[in-house]
Amino acid sequence: MSDTQATQQLTAPTPSDLIAQAIEKGLDVQALEKLMDLQERWNANQARKLFFEAFTAFQSEPIDIRKTKAVEFNQKVQYHYAPLADITRQIGKALKDHDLSYRWEIQDNEKEIKVTCLVSHIAGHTERTTMTATPDTSGSKNAIQARGSAIEYLKRYTLIGALGISTADSDIDGRLPDLDVDKLHKQYMDLFNQIVQKDPDKRSLMDPDNWKERTPEIYLKAIGKARQILAKLVS
């Protein structure tokens, strides 16, 4: 037996192969529909695997997020942070190299603003990170400025969380809009449950019940870290 023949025998047929065989055998419509459903699930699973393979490769890139924006209080620089425009510029090439892209969806009503960052792979799979906040009224902003500021913060932190980017503790600058801790908790728990299903040993390490406190800042960091861990487990 040749190596090619042995490989063919060891390779399981794909749903496409089964559909082709079904058509040749003249199976009824219901049987074909079931095979088509199987094909869709198979394609989605393959796309998800390709996403996390690319995501893991992206996170292995030596990306150095430079903190170029200085924040002053009482005419003295207190810290530096990386503005959204700087972050997107610094990660652009690495994302492109690994066939990844991102965009945001924004929902704004009278009470709160919800921003979702969608990170997608060219194969079709998309992961979503959502955060909600009230308008940022600090600094005597008018209504439009308050909403624009909150949206900018939410876009920045959903992108950081979605990609698992670390920009150091000084980036949590104490001027975040009021983030909904309950919604951040739900988002973290979705990631936590996926991780525990694949590696139960990580339950005690990552269980929020073991945290000393639960602040928006802690959840933001935990969400980013959870995405890094999940990417390694899935790939």
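Okay, one definition before anything else: when I say buried, I mean under 20% relative accessible area, with exposed being over 50% and partly exposed in between, using a 1.4 Å probe and protein chains only. By that cut-off Phe51 is buried, because its relative accessible area is 1%. I'll come back to that residue.

Some housekeeping. This is a predicted model, so local features need pLDDT of at least 70 and side-chain atom pairs count only at pLDDT 80 or more, while totals for chains, interfaces and linings use all residues. Residues are numbered from 1 along each chain as its sequence is written, and side-chain values use heavy atoms, with hydrogens and water left out.

So, the overall layout. We have eight helices and five strands; these are DSSP runs, H or I of at least four residues for helices and E of at least two for strands, numbered from the N terminus. Going along the sequence, the order is α-α-α-β-β-α-β-β-β-α-α-α-α. Of the 235 residues, 38% are buried. On contacts, meaning heavy atoms within 4.5 Å: taking those with a separation of 6 or more, 57% are between residues 24 or more positions apart.

How far does the predictor trust this? The score is pLDDT, its confidence in each residue from 0 to 100. The average for the protein is 80, and 76% of the residues score at least 70. Strand 3 (residues 100-108) has the highest confidence at 96, and helix 1 (residues 3-10) the lowest, at a mean of 43. Over residues 1-10 the pLDDT stays under 50, and the model gives that stretch two contacts beyond four places in sequence. Residues 168-174 also stay under 50, but there the model has 18 such contacts.

Now back to the rings. Two rings of Phe, Tyr or Trp (its six-membered ring) pair if their centres lie within 6.5 Å; planes under 30 degrees apart are stacked, over 60 edge-to-face, and the rest tilted. That rule gives eight aromatic pairs. Take Phe51 and Phe52: the ring centres are 5.1 Å apart and the planes sit at 85°, so this pair is edge-to-face. Phe52 counts as buried, because its relative accessibility is 2%. Phe51 also pairs with Phe55, and that one is stacked, with 5.7 Å between centres and 10° between planes. Both of those residues lie in helix 3 (residues 29-59), four residues apart, which is about one turn of the helix.

Staying in helix 3, that's where you find Ala54. Ala54 is buried, at 9% relative accessible area. Beyond its neighbours within four places in sequence, Ala54 is in contact with His98, Leu100 and His121. His121 is 67 residues away along the chain from Ala54, yet their C-alpha atoms are separated by 7.7 Å.

There's also an aromatic cluster, where ring pairs link Tyr188, Phe192, Trp211 and Tyr219. Which residues does Met206 contact, leaving aside neighbours within four places in sequence? Tyr188, Phe192, Ile195, Trp211, Ala226 and Ile229. Met206 itself is in helix 7 (residues 203-206), and at 7% relative accessibility it counts as buried.

One more ring to look at: Lys155 lies over the face of Trp104, 4.6 Å from the ring centre. The rule there is NZ of Lys or CZ of Arg within 6 Å of the ring centre and within 35 degrees of the ring normal.

Next, helix packing. Helix 5 (residues 143-163) and helix 8 (residues 216-234) pack at about 35°, with axes 6 Å apart; axes are lines fitted to C-alpha atoms, for helices over the stretch in contact, and angles run from 0 to 180 degrees between N-to-C directions. Helix 5 brings Tyr157, Gly161 and Ala162 to the contact, and helix 8 brings Leu220, Ile223, Gly224 and Arg227.

Also in helix 5 is Ala146, which is buried at 3% relative accessibility. Setting aside residues up to four places away, Ala146 touches Pro135, Asp136, Thr137 and Lys141.

Where does Asp99 lie? In the loop between helix 4 (84-97) and strand 3. Asp99 is partly exposed, with a relative accessible area of 39%.

Methods
pLDDT = per-residue confidence, 0-100.
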